[in-house]
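Here is a short report on a two-chain structure. Keep the sequence and the 3D view open while reading.

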There are 2 protein chains.
Amino acid sequence: MATIRAVSTVAFPTPQDAESAFYEALEAGDFEAMMQVWAEDEEPVCVHPGGVRICGYEQVRQSWAQILSSGQRMKVRLSDAVRVQGMMVSVHNLHEFITVEGEAQESHPVATTNVYLRTGAGWRMVVHHASVVPQGVRPPERAVEAPKILH
Amino acid sequence: MATIRAVSTVAFPTPQDAESAFYEALEAGDFEAMMQVWAEDEEPVCVHPGGVRICGYEQVRQSWAQILSSGQRMKVRLSDAVRVQGMMVSVHNLHEFITVEGEAQESHPVATTNVYLRTGAGWRMVVHHASVVPQGVRPPERAVEAPKILH
């Protein structure tokens, strides 16, 4: 008897819900949960820190399968979020501070742009662009708490 | 007599117009033209390749003043654009291939996410996130010509 893979039924009501699910899946190493965050019917783009651009759902899926199958767990602290939210597209830029399990020290920050799209199945990720920030150089940040809502 | 700095009167009717102006200003080393592309009343974010995140109009302005005052000219070839466009926010992800003046060889690609916002003064840039793609590793790309329009 063939196994039937359940169709994704998760619908994130806000971009922030999708973002929370993304980082929870990353911390948990949960591949299925990770892929439920991504927009399946779009042309998603993913740039891992120091990596090439990965384009297309299947290629993004393969890259996360590889990363999350390593079994290495991590904690991710998020900081300095700047958000621009429209009716259909929401852009979050933030710093990720990653602590790999078994290592005492937090890594230096990763600058990340996450883009979410309002689909028929709720908000989904269409861009995750992460790049390592050079150590020892950090300009002063202006704290921005509230997202900018455009509608 | 105090010099009066002209208020920016450029209004880009589409995100693509803003993007063209951004790269023209970069190639021309034209600081004033560059700053007319950026949204003044927002909290813009800029990550230069290999750089820290720069946040806020004044800090973005200072970073471009420094970069463009070097006098070094470059040509930028754009490729592999993927776009997601809403009513108010438009996201372009692409590869930049930069050739520095006097150097025969094109640099390896920079993966870039550009975000434009529809403001009262037309479309303006709010995010420019660029990161160097490691050499010798490039996954197959799927050609995407037409922007995805959500409205």
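## The contact between the chains

Two residues are in contact if their C-beta atoms, placed from the backbone, lie within 7 Å. By that test, chain B gives 37 residues to the contact and chain A gives 37 residues. On chain B, the side that touches chain A draws at least two residues from each of these strands: E1 (45-47), E2 (53-55), E3, E4, E5 (110-119) and E6 (122-132). Sorted by class, that side of chain B has 22 nonpolar, ten polar and five charged residues. Bear in mind that this is a predicted model.

How do the copies relate? Two copies of a chain are related by a rotation about an axis and a shift along it. Here a rotation of 180° with 0.0 Å of shift along its axis places chain B on chain A, with an RMSD of 0.0 Å. This is the relation of a two-fold axis. Both copies use the same surface: 100% of the contact residues of chain B recur in chain A.

## Chain A in outline

Chain A has three helices and seven strands. Read from the N terminus, its elements follow the order α-α-β-β-α-β-β-β-β-β. Of the 151 residues in chain A, 34% are buried. Take the contacts in chain A between residues at least 6 apart in sequence: 53% of them join residues at least 24 apart.

Strand E4 of chain A pairs with two strands. With E3(A) (residues 74-85), E4(A) pairs in the antiparallel sense over ten bridges. One pair to find there is A:Leu78, whose bridge partner in E4(A) is A:Glu96. A hairpin of three residues connects E3(A) to E4(A).

A:Val89 lies in strand E4 (residues 89-100) of chain A. Is A:Val89 buried or exposed? A residue counts as buried if 20 or more other C-beta atoms lie within 10 Å of its own. A:Val89 has 26 within that distance, so it is buried.

Which residues is A:Val89 in contact with, leaving aside its neighbours within four places in sequence? In chain A they are A:Val115 and A:Leu117. In chain B they are B:Val84, B:Gly86, B:Val89 and B:Val91. Now look at A:Leu68. It is 21 residues from A:Val89 in sequence and 27 Å away in space, C-alpha to C-alpha.

## Helix H1 of chain B

Helix H1 of chain B covers residues 15-28, which is 14 residues. From first C-alpha to last, H1(B) reaches 20 Å, close to the 20 Å expected at 1.5 Å a residue. Just after H1(B), B:Gly29 has a positive phi of about 65°.

The buried residues of H1(B) are B:Pro15, B:Ala18, B:Glu19, B:Ala21, B:Phe22 and B:Leu26. Seen down the helix axis, the buried residues of H1(B) fall within an arc of 160°, so they line one face of the helix. An α-helix has 3.6 residues a turn, so residues three or four places apart point the same way. The cover over the buried residues of H1(B) includes helix H2 (31-37), E3, E4, E5 and E6 of chain B.

## Strands of chain B

Start with E3(B) and E4(B). E3(B) (residues 74-85) and E4(B) (residues 89-100) run antiparallel and are joined by ten bridges. B:Leu78 stands opposite B:Glu96 of E4(B). A hairpin of three residues leads from E3(B) to E4(B).

Next comes E6(B). Eight of the eleven residues of E6(B) are buried, so this strand is largely enclosed by the rest of the structure. E5(B) and E6(B) pair in the antiparallel sense over ten bridges, and a hairpin of two residues joins them. In this pairing, the bridge partner of B:Arg118 is B:Trp123 of E6(B). E1(B) also pairs with E6(B): three bridges join them, and the two strands run parallel. There, B:Val47 has B:His129 as its bridge partner in E6(B).

Definitions and conventions
Residues numbered from 1 in each chain as written. Chains lettered and ligands numbered in written order. Predicted model: local features only at pLDDT ≥ 70, side-chain atom pairs only at ≥ 80, totals over all residues. Helix = DSSP H or I, 4+ residues; strand = E, 2+ residues; numbered from the N terminus. Buried ≥ 20, exposed ≤ 12 C-beta atoms within 10 Å, placed from the backbone. Pairing = 2+ DSSP bridges. Least-squares fit on C-alpha atoms with pLDDT ≥ 70 in both. Nonpolar A, V, L, I, M, F, W, Y, C, P; charged D, E, K, R; others polar. Expected span 1.5 Å × (residues − 1). Arc of directions from axis to C-beta.
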